[in-house]
Structures are given as C-alpha cells and as structure tokens.
Amino acid sequence: MAVSGFFNHYDDPDEFWDDEPLVPSRATTESRRPVPARNPSVRAPLVAPTQTASGVGSSFVTMEIDRGLLPDRIEFARNWNSYFGPHEVGAELMAAYRAAITRWLERSYAGDRWPSPRELSTTAVPDHRTRLILLLGTTTWDEYSRLASSMIGGGHFEARSGADRAGGHAVVVTADRRYLESVVVDSRWAAMVRADEITAAVLRCCARIRSARPDFTAPDCYPQYSIAAPEHELELHRNALLLNRVVS
C-alpha cells in the first residue's frame, strides 16, 4: 500500500513528515505561465477559498497575514454591522483569512520557480540541515522525541480573550502549527463593541498563538557545503540518548 508524505527517519520509522508544500488553487496556476511538474502526491492547501457574492473571502472584512500564516492586520468596512449580524462575525473573519491565504499563495507562486515550504511559511517542517542541528542539541531521549514529534505534528494552540463573570470569553482563536483553524466571537459581546475592539481582541489572541508555536531556528554550526558530518553525529547522538534511557 502506497503511503504519501515525507519519511521521518529521526524518530519513529513508521512516521512521515506530513508538511507537504502548500500549492495554489487551479485558478491561480491557470492564470500564469506553466511551472515545472510536481509530485502527484502533493495535496491542495488545507484552507480552501470561501466564495461570497463578491468573490473569494468576505465583502466586509479584509485581513493581512504574516509569514507564519497568522493574521497581523484586520480591517472592518464602514457600517459592517448593517450587512451581517454579531453571530456572523467569526465566519466573516475566517472568510477574510481564507482570502488572505489565497492572495499569499498567488504572490508566492507568481515567479519562475516553486517556493520552498519555509519560503511559504516560517512554521513549515524545517529543512533537513535544520532538523539535524536542532536534534543534535537535545540532551535526553524524551527531549529528542518531543522535538522530533513537534517538527512533524500539526499541534494545537488556543488563545482566549475577555473572560466574563460567567466564565465565557469574548474571543476564542484556535490554530495548528500551520494555519488558523477557527475564530469564535461571542455574539452578545460583538453586538456591544466597536470593530476596532473586535480587531484588537482577535490580534491579541493571534499574538499569543504566535509566541506559543515552536521555533525551529538552528544555529549555523556546520559548513553549508556538507551534510555528512551532522548526519553522522546525529546517528551517534541518537544511539547514545537511547542507551542512556535504557540503562537509567
């Protein structure tokens, strides 16, 4: 049985690197010149565009994203609350987010070459060299395993804003390591506040998620022209950590 993905030979041989490259929609690729063929196992983005009456996204909310694919600017149209109700704020924000993802992919794939995963998102699975160096910095088998798993798994991050006396929250934002997953805005709260207050609360939640995500930045400990040294050292390091775990 064929299995797609990127093999993870640093941790569990049954696991695969699951961060396949983001790819643009069919409409994006057809609107520009041909690009080199890609592996047929590459799948489309997990976040698909949402169609509204005016096209992709929201007609009343615009959003910009950072290189971690999290919102860093949100703007509501004037009189937005005349067009959709407080209970629809979260859905409009997510529609705006999908549109922002679509624009980012269109810009990223507009050149002559396919961007690398790390060029598309700073939260993508690190490149081979970075994985090696980060894993070499671990000191126990448990730390090694946690780090290896965090590079592969999507993770789950949640941030809440504005707790009330009943224990509810004005805004709840969830994300995995790659994408924003949901924005829930309490309709009672949204009906009483201004758009800039909603924007501030959502962006605060996104900032907390941004800081909670793992940072896969490695020091440049090895020469760029050779990968053999860290590969060999990692094999020895992994065996030593596993042996220490067994005998301790």
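Predicted model: local features only at pLDDT ≥ 70, side-chain atom pairs only at ≥ 80, totals over all residues.
User: Where does T174 sit in the chain's secondary structure?
Analyst: T174 is part of strand β8, which covers residues 169–175.

User: What makes the pair T174 and S182 a polar contact?
Analyst: The two side chains come to 2.5 Å. A polar contact needs N or O atoms within 3.5 Å, one able to donate a hydrogen and the other to accept it. The pair at 2.5 Å therefore counts as a polar contact.

User: Which residues does T174 contact, beyond its neighbours within four places in sequence?
Analyst: They are H156, F157, E158, L180, E181, S182 and I209.

User: How do you know that β7 and β8 pair?
Analyst: Six bridges join β7 to β8. Pairing takes at least two bridges. So these strands pair, and they run antiparallel. Within β8, V173 stands opposite A159.

User: What is the order of strands in the open sheet?
Analyst: The order of the three strands is β7-β8-β9, with antiparallel pairing.

User: Why are β7 and β9 said to stand at the edges?
Analyst: β7 (157–163) and β9 (180–185) each have a single partner strand. One side of each is therefore left without a neighbour in the sheet. From one strand to the next, the twist averages 10°.

User: Which helix packs on the sheet?
Analyst: Helix α7, residues 195–212, does. Helix α7 touches β7, β8 and β9. Its direction makes about 145° with that of β7.

Definitions and conventions. Residues numbered from 1 in each chain as written. Heavy atoms only, no water. Helix = DSSP H or I, 4+ residues; strand = E, 2+ residues; numbered from the N terminus. Contact = heavy atoms within 4.5 Å. Axes fitted to C-alpha atoms, helices over the stretch in contact; angles between N-to-C directions.
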